Amino acid sequence: MSVLHKPVVENAGRNRFKNPYFIVIGIIIIVAALILAGLSYYQATRFNSKIAINDVKVGGLTIEKAINKLKTSTLTNKVYVGDELILDEKDTQMAFSDQDMPAVKKLLKKQWTFFPSSKEQNYWLMPKKTDEFRSKTMSKQLEEKLLSINEDLKAPQDAEVKLENGKIVISNSIDGEQYDIPAILQDFEKQKYTSDIHLKPAFLKPIESDNPIVKELERKYQAFLERTVDYKVQDKVYTLKASELIKDATISNDDKVTITASTIKDKIDEINQAQSTLNKNIDFKTHSGKVISVKAEGYGWALDVEKELATVQKAFEKGEKSISAANIYGHGWTNEGIGYETTKNNGIGDTYAEVSIAEQRIWIYRNGKLVVTTDVVTGKHSTGEDTSPGVWYILFKRTPYTLKGSAVGKPDYEIDVKYWAPFTNSGQGFHDASWRNNWAKTAYLNDGSGGCVNTPPSIMKKVYDNLNTYDPVVVY
């Protein structure tokens, strides 16, 4: 027969709950749970003791109190570059506001530990609201201060490429002391939002001699020295070489060439001496075949060397391949050069008038052919009023014309002529002389003109018609 024990078990359970030991354990567990719950709540709502935000201590503070403390905290606004205090501006309040509550809340969660921690931690936070003084005003003040400081500091010197004495020279770079303001301002923009701002010193660096920029500039100088200019003077072309003529020059970053020393002027002088006719003795073959030397007076041309120097130099600087001489002068009516276009017959050409004082005769040639010749009477020799020897040119032509002037024994005169073709600026020229009776070969000695070439009226029209403005007149 089996025995049932169930009633005995129920009695044991009731006895266990009435045991004081178990009651104490239960109380301890409940208290511990309450403490842990309280601690967890405290840790979840307050910062640990040694937590700071932007150097502002917020240990033990709730989110609301931390925000209030940040809003009322002061920025002293000091800026250091290295160890040097650059700016010490007025104090301002931080720009934190209730808008920053979510960000502070995130920091609270980030720093959370189950048990209180005494570990030091400084968090950095930028306010949602822009701090106009810090971001704009202070940034501008820093820039102005650094600019002012730089004025008294030695600037760096870049490696330079120059053409000196015909050779390409690269100088070494030299370090300076000036601040690299853009780099420092960029560092300023990245700085943490705190009272003291410590910026790393940054200095302007020179361009070194091995920099690609310098190497490229060196290549440009080499290319410049290879430049040539074909310089045309009359029908001759001279190839001018930069490598031979340019001594000193610089090329800027925008490829602008500036020549500061050259022998271009010497070369133009050389060309001028070889080709120009002004004030030079010109070999002239007379009607008889005799070659004589006659000085170019009113007729002739020369290069204006100074102006041509500027033109040729500009051509080298701009990279022009060819130019023609453009600055010509002479003793013309308005200082123009006469005969530049003429290269035949030593610059006189094959169309000209020939006047022989000794033979008292003229010969007029057109395109190498004699078209008219006649006896004439030139200036009066006994009174020093001789027709002026030299190479001149027809200034202009007039028909009829009234000659006005003075001569030895005739202080003032006024004579009408049918044809007038002057060839000197002093008033000598060809004209008819209806009043003259003495046409002898020796008339010019004591009965000559006041300097003009008196031409018989019967042939003067033909002489006049075969003379054109700018035609050379050779008097000897």
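Trainee: In what order do the five strands of the open sheet lie, and what is the pairing?

Mentor: Strands are DSSP runs of E with at least two residues, and helices are runs of H or I with at least four, both numbered from the N terminus; two strands pair if DSSP finds at least two bridges between them. In this predicted model, local features need pLDDT of at least 70 and side-chain atom pairs count only at pLDDT 80 or more, while totals for chains, interfaces and linings use all residues. Residues are numbered from 1 along each chain as its sequence is written, and side-chain values use heavy atoms, leaving out hydrogens and water. Here the order is S22-S21-S20-S29-S23, with mixed pairing, and the edge strands, each pairing on one side only, are S22 (369-375) and S23 (390-393).

Trainee: In what sense do S21 and S22 pair?

Mentor: Strand S21 (residues 361-366) pairs with S22 in the antiparallel sense over six bridges, and Ile364 has Val372 in S22 as its bridge partner.

Trainee: Which side chain meets Arg366 in a salt bridge?

Mentor: A salt bridge is a side-chain nitrogen of Lys or Arg within 4 Å of a carboxyl oxygen of Asp or Glu. Arg366 meets Asp471 in this way, at 3.0 Å from N to O; Arg366 lies in S21 and Asp471 in the loop between H12 and strand S29 (472-475), so the pair ties together parts that are 105 residues apart in sequence.

Trainee: Is Asp471 buried or exposed?

Mentor: Buried means under 20% relative accessible area, exposed over 50%, and partly exposed in between (1.4 Å probe, protein chains only). Asp471, at 10%, counts as buried, whereas Arg366, at 22%, is partly exposed.
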